[in-house]
Amino acid sequence: MKSLKAQKHQLSQTEAQLALLGDNKSIQIPSFKEKLKGCDLFPLRPTQIEVLQINLGKMCNQVCKHCHVDAGPDRKEIMSRETMEACLQALRNSDIRTVDLTGGAPEMNPHFRWFVEQLHRLGKHIIVRCNLTIIVANPKYNDLPDFFKAHGVEVVSSLPYFSARRTDSQRGEGVFEKSIRALKMLNAVGYGKEESGLILNLVYNPSGGFLPAGQEELEKQFRQKLDRGYDVAFNSLFAITNLPVSRFLDYLVQSEQYETYMRELVSAFNPQAAAGVMCRSTISVGWDGYLYDCDFNQMLDLKVATRESQHIRDFDAIALKGRNILINQHCFGCTAGAGSSCGGETV
Amino acid sequence: MSDSYYNKEDLGKFGEISEWQPELGKKFFDYYASVFKEGSLSAREKALIALAVAHTIQCPYCIDAYTKDSVKRGIEEEEMMEALHVAGAIRGGASLVHGVQMMNKAKELLM
């Protein structure tokens, strides 16, 4: 399977995605802006910048059907060392405590390990969004669990289901089996074991056009099935809603579920979840150093609405804190039900 | 008027039944919400019961709703089908157990 970009697919263009999302009248749903106004949250403003989420590139060893990054082996956009230096400089001058590394597969960036070492020296809490299969994809990645451990990295890994059928249908043939092997390798060095202090969290996202059930209920099932079936341990499960962006948007359109899904998101709008959206406390950095309100806005090329600080080399926490967050119809994905963020439910 | 007796969009309009009888409608939906809350039975167990019953009463709206609910709750395909077999066994059994009545009657009639 190729990325949408490699297929020269219409929805690989952010303008085409925004045009589709923006046409809310034809599917008879309200605008996200109206909903925010209804609960006194418009314009949406940041609270505090607590997390710098850095996308190290769109290169990935997997081509997942729902990927909002449109990542894959054919994507060559990766962060340069120079841009990483600018990230480090910004972090030195700020009180941001958590750095969340994502991709693609961030480990495939040739400067990944150097960057993690530098972040560790700065004393930052480091999260790596690891797709698991990268650990077993090539012998040069087999020592990643030890590397993560040595640098106190919190590992957050996608595993959409506790069986092969639904995992592989979303993430590719054989991904479940490889993911279990990688989880066992992480467990072997202490990840996911309570007494070790090494955190391994799993991310559940639905393998289709439906919203996740309650996080607690799903976590209970995952723990039971992974423990009994595979002797695999983890700390917490984050239930994340798929946002109608990029490949998941394409999936919804192709399977004729787009309207139903959008209506479901709108009818599940929760003002409490809207108040707790992650973009209020996060800044997302693109592979080329540009700044965004979140990873989804990054993929839609909606740069932060402040001219003074649009790139990481011009990082200005005060200007960023004073900005208005850019919103669009995809934002309904973060405000449905118990809310959705990179850390799971928000309510 | 639609050409079909069943339209999937109508499931989303279920709440509209309260428009013509608000008091009873409210009572029904409050009761419905309470029934499906986590109780002595888990919400997961209730979803499977609802799925099996939906097939027994052959309500397309209920089948749609509780298939989705089961999938969302992480219920596996094998578990869902097994629940249907329970419904199928009871339905089949309900027919077959009347076979005793048939046998009794036939014995009465025949020499």
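Two residues are in contact if their C-beta atoms, placed from the backbone, lie within 7 Å. Helices (H or I, at least four residues) and strands (E, at least two) are DSSP runs, numbered from the N terminus. With those terms, Ala164(A), Thr167(A), Asp168(A) and Arg171(A) of helix 7 of chain A meet Val175(A), Phe176(A), Glu177(A) and Ser179(A) of helix 8 of chain A.

This is a predicted model: local features need pLDDT of at least 70, side-chain atom pairs count only at pLDDT 80 or more, and totals for chains, interfaces and linings use all residues. Residues are numbered from 1 along each chain as its sequence is written, while chains are lettered from A and ligands numbered from 1 in the order in which they are written.

**The two chains**

Chain A has 14 helices and eight strands. Its radius of gyration is 19 Å, close to the 20 Å that the globule rule gives for 347 residues, so chain A is as compact as a globular protein of that length. The radius is taken over C-alpha atoms, and the rule is 2.2 Å times the number of residues to the power 0.38.

Chain B has five helices and zero strands. Along the sequence the pattern reads α-α-α-α-α. A compact globule of 111 residues would have a radius of gyration near 13 Å, but chain B has 19 Å.

The table sets out further values. A residue is buried if 20 or more other C-beta atoms lie within 10 Å of its own, exposed if 12 or fewer, and partly exposed in between; C-beta atoms are placed from the backbone.

| Property | Chain | Value |
|---|---|---|
| C-alpha box along principal axes | Chain A | roughly 50 × 45 × 40 Å |
| C-alpha span along principal axes | Chain B | about 60 × 35 × 30 Å |
| Buried residues | Chain A | 48% of 347 residues |
| Buried residues | Chain B | 10% of 111 residues |
| Contacts with a separation of 6 or more that join residues 24 or more positions apart | Chain A | 73% |
| Contacts with a separation of 6 or more that join residues 24 or more positions apart | Chain B | 55% |

Two packed helices are described by the angle between their axes and the distance between the axes. Axes are lines fitted to C-alpha atoms, for helices over the stretch in contact, and angles run from 0 to 180 degrees between N-to-C directions.

Helix 7 (residues 164-171) and helix 8 (residues 175-188) of chain A have axes that come within 8 Å and cross at roughly 105 degrees. Angles under 35 degrees count as roughly parallel, over 145 as roughly antiparallel, 65 to 115 as roughly perpendicular and the rest as oblique. Helix 7 and helix 8 of chain A are therefore roughly perpendicular to each other. The residues of their contact divide into three nonpolar, two polar and three charged. Here Ala, Val, Leu, Ile, Met, Phe, Trp, Tyr, Cys and Pro count as nonpolar, Asp, Glu, Lys and Arg as charged, and the others, Gly among them, as polar.

**A buried phenylalanine**

Phe332(A) lies in the segment after helix 14 (317-321) of chain A. Phe332(A) counts as buried because 29 C-beta neighbours lie inside 10 Å. Leaving aside neighbours within four places in sequence, Phe332(A) is in contact with Phe32(A), Leu265(A), Val266(A) and Phe269(A). Ser267(A) is 65 residues away along the chain, yet the C-alpha atoms of Phe332(A) and Ser267(A) are separated by 9.5 Å.

**Helix packing in chain B**

Helix 2 (residues 43-57) of chain B packs with helix 3 (residues 60-72) of chain B, their axes coming within 9 Å and crossing at roughly 155 degrees. These two helices of chain B are therefore roughly antiparallel. By class, the contact residues are nine nonpolar, three polar and one charged.

Helix 2 of chain B also packs with helix 4 (residues 77-97) of chain B, at about 50 degrees, with axes 9 Å apart. Helix 2 and helix 4 of chain B are therefore oblique to each other. Leu48(B), Leu51(B) and His55(B) are among the helix 2 residues in this contact, and Met80(B), Ala83(B) and Leu84(B) are among those of helix 4. The contact residues divide into eight nonpolar, two polar and two charged.

**Where the chains touch**

Eight residues from chain B and eight residues from chain A make the contact between the chains. Helix 2 and helix 3 of chain B each supply at least two residues of the chain B side. Helix 3 of chain B gives the largest share of that side, three residues. By class, the chain B side has two nonpolar, one polar and five charged residues.
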